[in-house]
Amino acid sequence: MNETLMLTVLTIITAATPLVYAALGELVVERAGVLNLGVEGMMLGGAVCSFAVAHYSGSATLGIVAGLLAGMLLALIFAFLTLSLQSSQVATGLALTIFGIGISALIGQSLVGIAFAGLPALHIPWLSDLPIVGRLLFSHDVLVYGSFLMVALVAWFLNRTRAGLVLRAVGDSHHAAHALGIRVVRVRYLATLFGGACAGLGGAYLSLVYTPMWSENMSAGRGWIALALVVFSVWQPGRLLLGAYLFGGISILQLHGQALGINVPSQLMSMLPYLTTILVLVLISRDRGRIRRNAPASIGQAFHPTT
Amino acid sequence: MSVYLKRMGVVLGAAVLSAVALSAQAADPFKVGFIYVGPVGDHGWTYRHDVGRKALETEFGEGVETTFVESVPEGADAERVIRKLASSGHNLIFTTSFGFMNPTLKVAKDFPDVKFEHATGYKRTDNVSTYGARFYEGRAVIGTMAGMMTKSNIVGYIGSFPIPEVVRGINAFTIAMRKVNPDAEVKVVWVNSWYDPGKEADAAKALIDQGADIITQHTDSPAPLQVAEERGVYGFGQASDMSAFAPKSQLTSIIDNWDAYYVDRTRAAMDGSWASMDTWGGIKSGMVSFPEYSADVPDDVKEAAEVVRDGIIGGTLHPFQGPVLNQAGEEILPAGEVMDDGTLLGMNFYVQGVQGDLPK
């Protein structure tokens, strides 16, 4: 395998990793019937907190934990407002993004201009030494492995466990789930917190690995791409992984194309994730059964046990 | 979406400004306002303007009160913010992005007693000055260094938007590079953003993957240098000294220096000698400067860079001195002639040595 091609694939994997985390979390949230549009804000919160903690403590591990917790904290605010106080999920999610952008800039004020060494690549005995495959799959940092693992875990959880069934039931019909004695609000709280933790990890990946530094608004819209990705994947973890590499791949390949002198307008390429998502939506909408099987039916609706 | 967010910010900013205006009337210091297109934390363009603002505070102390509004979108909102500053007792207002040009002029017409300074524009009136820096002079210096230090003869250039300012930088860099190394070529990747660390890093990776062993950039974040450091290639900092992010990789940096200009203009406005004028300063006036070279720069490269720098300061060397050839190899400026500022300001073509087509 050609060296350039190999490096390109490695770059695509790193470009896609924050998307995988953020989108996977949102997928679980939406599967539980909650629409949290605050992914971008939670990513930024995770990015700034993980960078701050990693910088001041000197420990990348603590940084990762801090990013995860920061994402969860922001998600908790969202969950309290929408699930306990029943505010509009769409409006609250948008507000969460605005809040996340602002608060992360505030926290990060003193961190501008500071560099961080980044996470070391983990060497896995034997596996990392395999030709080609070793380099492609086993030469990454812990967060990339985590993203592979997380996709597998979520897929297994949603499709193979009782708890996953409960979560899907809550997302499909909260009234039916409630009638069965499932505590809808509690399930949604947990799912929302998980989503926040994942978005926080995506943010931690940005500020600790991808570009190891803090800069204002550094997620630069990746949270929105993650939201598009969930729809693109038709709420399936496997397809989500595929989609993330596709979206990451498009953005990397257009840069390579330019360096090679292939003249495709780069603005067009920046639009592609959204265009593709719309296209997929149109295609799956032709087959109504397919949407019905996958899209959570009660997404975005407030639940109150007495109604 | 992001426009909406920024609007919210502008509304909040305007509210804060009116509060500031009310509380400040008693002391009556000279009030200077700044309007920034990005966040002061970008470590690039806006960051350096804010360093200039802080220089005013150091220089004049209590005598001057400064206000800034950051992340102001270029458009209708800009006019609102500028108007707000003008109507809240600011005596001098710096608007620091090209897109603020027309809003600045519009507001200036309604406030003849307020003085305005617009960065990188070309329209002036009695109370509107323009200023900018000849960053291309700095690019001629780093282009010389790149030409001498590249081994693969491929140098990567990360561009923001294909506007004359950026194209001029690419061309100045390429001309200087080819003077010392006629075989070297420049590959350009556009990221369509002034500031997106992730995308800038990806662009740097793409360029390095395709053989570039030195990269340079006209975008504002240190991310490309971090990639260069990680991949073991060289690079140059942009707008500020970025050596903290790439201690081994940054050979030098082009620093934007507005401090002296801001102090001068504020003093002039305070003592009444302010007049509308255009300033396009460069290395000579100190608007463009360099931090110390890295230890990796060999002595002969250092000397060559200094010859170019000193030549520009002394007026014996111009980065766009003929013969200048276009990409097709046709001579567009005969030997010995120096390109006029009009052509420089509207530059919309690549010179020989730049690969690929300029996006239109």
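Here are a few friendly notes on this predicted model, taken point by point.

1. Let us start with the make-up of chain A. Its secondary structure comes to 13 helices and 0 strands, so the order of elements from the N terminus on reads α-α-α-α-α-α-α-α-α-α-α-α-α.

2. Next, the overall dimensions. The C-alpha trace of chain A spans about 60 × 45 × 40 Å along its principal axes. A compact globule of 307 residues would have a radius of gyration near 19 Å, and the 19 Å of chain A agrees with that.

3. Among contacts in chain A with a separation of 6 or more, 76% are between residues 24 or more positions apart.

4. Do have a look at helix 6 of chain B, residues 164-180. Its 17 residues reach 25 Å from the first C-alpha to the last, close to the 24 Å expected at 1.5 Å a residue. Because 13 of those 17 residues are buried, this helix is largely enclosed by the rest of the structure.

5. The second largest pocket has a volume of about 720 Å³. It is lined by 33 residues, and the closest to its centre are A:Leu119, A:Val209, B:Lys205, B:Glu230 and B:Arg231. Two or more lining residues come from each of helix 1 (3-31), helix 5 (133-137) and helix 9 (184-210) of chain A, and from each of helix 7 (197-209) and helix 8 (223-231) of chain B.

6. By type, the lining of the second largest pocket divides into 18 nonpolar, 9 polar and 6 charged residues.

Terms used: Residues numbered from 1 in each chain as written. Chains lettered and ligands numbered in written order. Predicted model: local features only at pLDDT ≥ 70, side-chain atom pairs only at ≥ 80, totals over all residues. Heavy atoms only, no water. 1 Å grid on protein atoms, 1.4 Å probe; cavity = no way out; pocket = protein on both sides within 12 Å on 5 of 7 lines; lining within 4 Å. Points joined across faces, edges and corners; volume = space filled by probe spheres on them. Helix = DSSP H or I, 4+ residues; strand = E, 2+ residues; numbered from the N terminus. Nonpolar A, V, L, I, M, F, W, Y, C, P; charged D, E, K, R; others polar. Expected span 1.5 Å × (residues − 1). Buried < 20%, exposed > 50% of the residue type's maximum accessible area, 1.4 Å probe, protein only. Rg over C-alpha atoms; globule rule 2.2 N^0.38 Å. Contact = heavy atoms within 4.5 Å.
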